[in-house]
Structure formats: structure tokens, C-alpha cells
Amino acid sequence: MSDERFGRLTDAPVTLLLAGVRVIDPNDGSDSIRDLAVLDGFLADPAALPPGAQRLDGTGLVAAPGFCDLHTHLREPGADGAETIASGARAAARGGFTTVCAMPNTDPPLDTPARLAWVLERGRQAACRVRVIGAVTTGRQGKTLADLVEMADAGAVGFSDDGAAVPSHDLARAAFSCLTGLDRPLIEHAEDALLATASVMRAGPTATRLGLTGWVPDAELSVVERDIALAVETGARLHLTHLSTAAGLEAVRRARARGLPVTCDVTPHHMALTDEWVAGSRQFAWEASGDDAQDVARAFDGSCRVNPPLPSREDALALLAGLADGTVDAIATDHAPHPPERKLVPFEEAAPGMIGLETALSTGLAAVEAERLDLATLIGALSIRPAEIIGESRSLAPGQLADLVVFDPLARRRVEAAVLASASANTPLLGVELPGVVRLTVAEGRVTYRS
Ligand SMILES: [Zn+2]
């Protein structure tokens, strides 16, 4: 694929007019069709643009604040070739994201200020802002606390041992205590390793039918409840990432009703896909299940192996309802690229994870089309709400540095490996037709993607 569609944060600032575009700004709930002008990278009064400024027809398009992904695996440092900071950032730009938060489970892990600085330095040339999340424990080994204060000073926007939960109660308490007053969340992958041992998909009738070891929802709930109690005890911020169970979500709902500093995200795949995809289904959670839903030839597809595993239909719909009612703050992709040799293996041996930066918006739009979500809520969960969690803001008001996405919500496209900007193609959405095509992404006043 030509790189001409992609720009970088180091490019010259853009001047352009988007004429007659539908502007949706979740900051103030506004939704109106108007002209949107960018002058030297800043949002401006359309009348201020010089004559002859580049003009794009915005008819039928939606402009929204740039998306922020709280959970991205960029695989650098690391040597498996599944992704680089540059390719992951291009995938982000193509998906409408202007910020990604790089998870620390790299090789070596991001557990020191110097390693965070290395990623941040490479990110400066990328097609989106790259933020970093520091490891909670040294080497992500779950034994000793890493230096969270130094990493916060070096730019860490949060801390996580993602791939696993902080294993012990004592260590989790030490981490939360250290974060009290730092205003950085502990971003927890809530999964009790003992309860989840050897499981490869969600426990339930489908796992039983396929003969695969099932993951029980209690594996998530026990860590969610432990961490909420520790957040109460220490006053530190907790962010639960990729919630996948109705029970875990319900615990968050109760905590928030008590005014606790607990936020959470769900992935597009946990709110739209179900455990039946492991059996070959390609129907979304909100679509009626039918006998024709499952294609035996697609069963045991390693691209459906993800951790936490794809949920039951009931849980997927509960997560979607949580997003619609505001209990779920954000959609985070958990973009997890893997090379084919780690996926084209027996299901139980496949590496967990799927890519998601280039399909997140479209998956959300499919839920909007199904009337499970409204468009403004979807946009808020992709943009300003995750941005707030890491201390970024987004605004479409004149005078602000332009940071936005423009997409066609009705255009449809089939997900194809050949056109993905990611260096990997491990997604079960390949071949699936989805609504929504990003036309333009502008980050920090620079065009980072245009189609
Ligand atoms: Zn995780």
C-alpha cells in the first residue's frame, strides 16, 4: 500500500475547509451541519481562510474529535515483526485515532523511564501521538513493584501489567498506595490466573460442544472486586480494561454509584462478537442466532482466540448496554497484532489477541445501525472520554489545535488483509462487510491519514 495516504506529526500544519460537514462534538452535545475550517493547523473561522484554500466537500460525512485508544500493543521493542510503532500508528490514523497508549508488555517490557523514553522518542515521528503505559512490576513478573513515580515523571499515563493482573493482593495494594496522589490510573487486566488456568475460550455451551476448556466469568470478577476494594482503601484511581463479563460490569456500576474513582473500557470485539465465533459464527451479538450462523469450516479459527475470551451473547449485550448507559467510559481496541505462525495453529495453541485499530469505528457503527448505541455516545467513547482518562482533552472549538476525524458513516467496506495498514491481519472480521470509512484524520494540526 502506498504511504502517500499517511502523514506524520512532524509534517507541516494543514489549511483546509470542510464544507457542509456534520460536526458531532460530545463536549457540548452539539450536532450540526456546518463548515469546519483549519488554518495552519488550528481550528478557525471559515471566513479567515485565505482564498484558494483547499476545500473538501463534507456532504454526508461526520467530523468528530480525534479518537484515543487506551490499549494498544505496538510490539516495539520486540522482534516478531507483528507491528512497529510506525505501522501501528498508521493503523491508528486509518482508524481515526490521533492518540494511542502503548501497552508495556513488549520485549523487553516498558518498566523503566529509559524504556518509556525510547518509545516516546520513536513516537514523535509517527502518524499519531504515542503515549506510554508503564509496567506495574519489574519485568512484568509480578514480584516487585517497578518505580512508578519515576515512570510517571517520564511520561507514563497509567500503569498496567496487561496480559495478566497484578497477581497478589499485597502487591496490588502497594501499587495503589504508590499511585495515590499521582493522578495516574492502575489499568487492570482483571483475570485471576488460578481460575483461568488453561482456559482458551469462554465457558458455556459452545465451549462444551467444541471440547475446549472454558474460562469462567469469576476469573474477572474476583480481581475487579479486589481492586475496587483497594481503590476505596487507598483513594487511587482504578481503570478496568477490556471488561468482558456482565458480572464485572455490574461491580463497576455499583462502585460508580458510590462515587468511587473507577473507570472502565470494553473492546469492540467484546461488545459485538460472541463465543459462537469460535464455532464459526460471524453474526454480531445483536443479530438473531440461527442454524445457518455457524460455518464449520471457520470453527477453531485462531483469530478468534483472545484474552479475555469472547463473551457469551448475553454478556456482550450487557457490555453494549453499559456503554449506552454511560457505565462504560471508553471503547479501547486491545489491538494485539500477531504474525501468522502464532495464529495458524491449533486453537488452543494460538496466541491470544486480535487487531482492532482499523475496525473499531466500523464495529461501533454496526451497533449504531442495529440501534444498540447512538452515534454521539459511540463518538464520545472513542474520543473525549478515553482522552480524559489520560489527561488529554479534545475540542472542536475555534482556536484549538485541530485534532479530528472525518468519516463516512454509511459507506460500506469489506475488511481485507491487503489494505490494512497494520503489519498484521489477525482479525476474524476479515471478509466481513462493515459500515463506516474514515476519510481524513488530523492530529495536532497535521493530516495523518486521507483516503
Ligand atoms: Zn489484557
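The notes that follow take the helix and then the backbone.

1. The model is predicted, so local features need pLDDT of at least 70, side-chain atom pairs count only at pLDDT 80 or more, and totals for chains, interfaces and linings use all residues. Residues are numbered from 1 along each chain as its sequence is written.

2. Helices (H or I, at least four residues) and strands (E, at least two) are DSSP runs, numbered from the N terminus. Helix H10 (residues 313-324) has 12 residues, which at 1.5 Å a residue should span 16 Å, and its end C-alpha atoms are 17 Å apart, which agrees; the expected span is 1.5 Å times one less than the number of residues. Just after H10, Gly326 takes a positive phi of about 90°.

3. A residue is called buried if 20 or more other C-beta atoms, placed from the backbone, lie within 10 Å of its own, exposed if 12 or fewer, and partly exposed in between. Among the buried residues of H10 are Arg313, Asp315, Leu319 and Leu323.

4. Most residues other than glycine have a negative phi, and most peptide bonds are trans. Asp40, in the loop between strand E2 (30-39) and strand E3 (42-44), has a positive phi near 50°, and it counts as exposed because it has 11 C-beta neighbours inside 10 Å. His242 also has a positive phi, of about 35°, but this residue is buried, with 27 other C-beta atoms within 10 Å.

5. The peptide bond from Glu76 to Pro77 is cis, with omega near 0°, and so is the bond from Asp107 to Pro108.
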